[in-house]
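Colleague: Could you walk me through reading salt bridges in a model like this one? I would like the general idea first and then the case at hand.

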Amino acid sequence: MKYLVGVVRIFVGILFIISGFIKLNDPVGFSFKLEEYFSQGVLDLPFLTPYALVISIFVVVVEVMVGVMLILGYKRKITVWTLLAMIVFFTFLTFYSAYFNKVTDCGCFGDAIKLTPWESFTKDVVLLILILIIYAGREYITPLVKPQIVKYSLIASLLACLGYVYYVLNHLPVIDFRPYEIGKNIEEGMSFPENAPKAIFEYKWKFNVNGNEEIYITNGDYPTVDGEFIDVETKEIQAGYEPPVHDFTIEQEGQDFAGSLLQEPKLVMVIAYDLRKSNLEVFKEIKTIADRASKAGYKVIAMSASGPDQTTSLKKEYELGFDFYFTDETTLKTIVRSNPGVLVLEKGTIKQKVHYNDLEDLKFD
């Protein structure tokens with residue numbers, strides 16, 4: 001039992017540190033996932049939505065620190081009970097999401113590893129079993145090094161977590177796991193491989209045949225039945241390939257200009273997913289940046305999910321010389337973790353991407 005607990009303890013500790021670090025790298029992205037959980041259609045806790053970012057930072061720092069504490073063998077009772085509380089809560093959450101099909105991705109490993117709801121639940125069940133093993137053999141959890149070294153290690157780990165999260169919040173994630181990272185081409189991200197699997201659907205057709213209701217099942221073809229059609233139910237039994245970049249449009253007055261704009265040799269995108277939540281003072285500097293880019297031969301556009309009243313008012317207030325286009329809010333949140341943020345593209349390939357705190361780093365050749 002002693003050796004089993006020792007191995008499981010190290011494995012679970014490392015897994016918690018990795019999972020926590022991935023989310024620590026992108027706390028804004030994790031806060032978006034929490035907002036999804038807090039929404040009316042899921043847990044119905046809308047009063048927590050304004051605190052999603054604070055909660056996300058707290059959860060990921062605790063996740064990393066519990067992993068470190070477990071490996072170091074510090075305060076075993078507190079550590080083990082915290083592990084149990086976290087995994088029971090996450091197991092409930094992933095089961096709820098999977099069973100009721102509420103949230104399609106738990107965000108357990110951020111954008112680095114995408115898991116289906118049932119895969120997330122299975123992962124948590126396995127973790128729960130491992131943590132119960134640790135709980136059963138908790139008396140075997142002893143410090144790996146001297147108590148003084150343990151304390152210094154914990155303080156260093158906590159300071160590293162806080163320093164790292166402060167940096168990524170004021171700049172951008174150090175590691176970008178999303179399909180809009182620098183060097184990626186957006187059009188290529190939207191393409192389908194030649195042999196990409198297609199979605200398979202099951203159709204349940206209801207017919208009235210000689211006064212009796214009968215059901216015929218096909219994978220799409222209309223059945224040949226000598227009867228009166230009543231209804232049809234459609235169910236996806238196998239998901240098709242979904243490209244990394246989807247739901248990407250650049251619309252204006254109902255027309256999508258993505259195809260032409262992504263062919264621009266010099267394009268600057270100002271991204272502001274919601275102007276009500278944007279740091280509007282930054283648009284003074286963005287105007288200066290946009291004017292400099294225009295003089296260098298760049299086409300400058302802005303993309304937002306906000307309505308025309310807000311965008312028109314903003315253009316007038318800050319005398320912006322570029323047009324606003326509509327893009328889905330979730331897509332804009334995925335493109336850049338800054339509101340506003342700026343991208344520089346060359347024929348659809350992302351060359352630069354910056355937080356509004358780093359606008360001075362932009363270069364226009």
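Modeller: Happy to; we will start with the chain as a whole and then turn to its charged pairs. Keep in mind that this is a predicted model.

Colleague: Good. How many helices and strands does the chain have?

Modeller: The chain has 11 helices and 10 strands. Its C-alpha trace spans about 75 × 65 × 40 Å along the principal axes. Of its 365 residues, 44% count as buried.

Colleague: What share of the contacts joins residues at least 24 apart?

Modeller: Take the contacts between residues at least 6 apart in sequence: 70% of those join residues at least 24 apart.

Colleague: And the charges? How many positive and negative side chains are there?

Modeller: There are 35 positive and 45 negative side chains, and the centres of the two sets lie 12 Å apart. As for the surface, the chain exposes about 19900 Å², with carbon and sulfur atoms supplying 58% of it.

Colleague: Now the pairs themselves. What makes a pair count as a salt bridge?

Modeller: A side-chain nitrogen of Lys or Arg has to lie within 4 Å of a carboxyl oxygen of Asp or Glu. By that rule the count is 14 salt bridges.

Colleague: Which residue does Glu 35 pair with?

Modeller: Glu 35 forms a salt bridge with Lys 333, and their closest N and O atoms are 3.9 Å apart. This pair links distant parts of the chain, 298 residues apart: Glu 35 sits in helix H2 (residues 27-38) and Lys 333 in helix H11 (residues 329-335). A network of salt bridges also links Glu 35, Glu 329 and Lys 333.

Colleague: Is Lys 333 buried or exposed?

Modeller: Buried means under 20% relative accessible area, so Lys 333, with 12%, is buried. Glu 35 has 21% and is therefore partly exposed.

Colleague: Which strands hold Lys 206 and Glu 233?

Modeller: First the bridge: Lys 206 forms a salt bridge with Glu 233, with the closest N and O atoms 3.9 Å apart. Lys 206 lies in strand S1 (residues 200-209) and Glu 233 in strand S3 (residues 228-238), so the pair links distant parts of the chain, 27 residues apart. Lys 206 is partly exposed at 21% relative accessibility, and Glu 233 is partly exposed at 41%.

Notes
Residues are numbered from 1 along each chain as its sequence is written. This is a predicted model: local features need pLDDT of at least 70, side-chain atom pairs count only at pLDDT 80 or more; totals for chains, interfaces and linings use all residues. Side-chain values use heavy atoms; hydrogens and water are left out. Helices (H or I, at least four residues) and strands (E, at least two) are DSSP runs, numbered from the N terminus. Buried means under 20% relative accessible area, exposed over 50%, partly exposed in between (1.4 Å probe, protein chains only). Contact means heavy atoms within 4.5 Å. Accessible areas come from the Shrake-Rupley method with a 1.4 Å probe; for residues, only the protein chains shown count as cover. Lys and Arg count as positive and Asp and Glu as negative; His and the chain ends are not counted. The place of a charge is taken as NZ of Lys, CZ of Arg, CG of Asp or CD of Glu.
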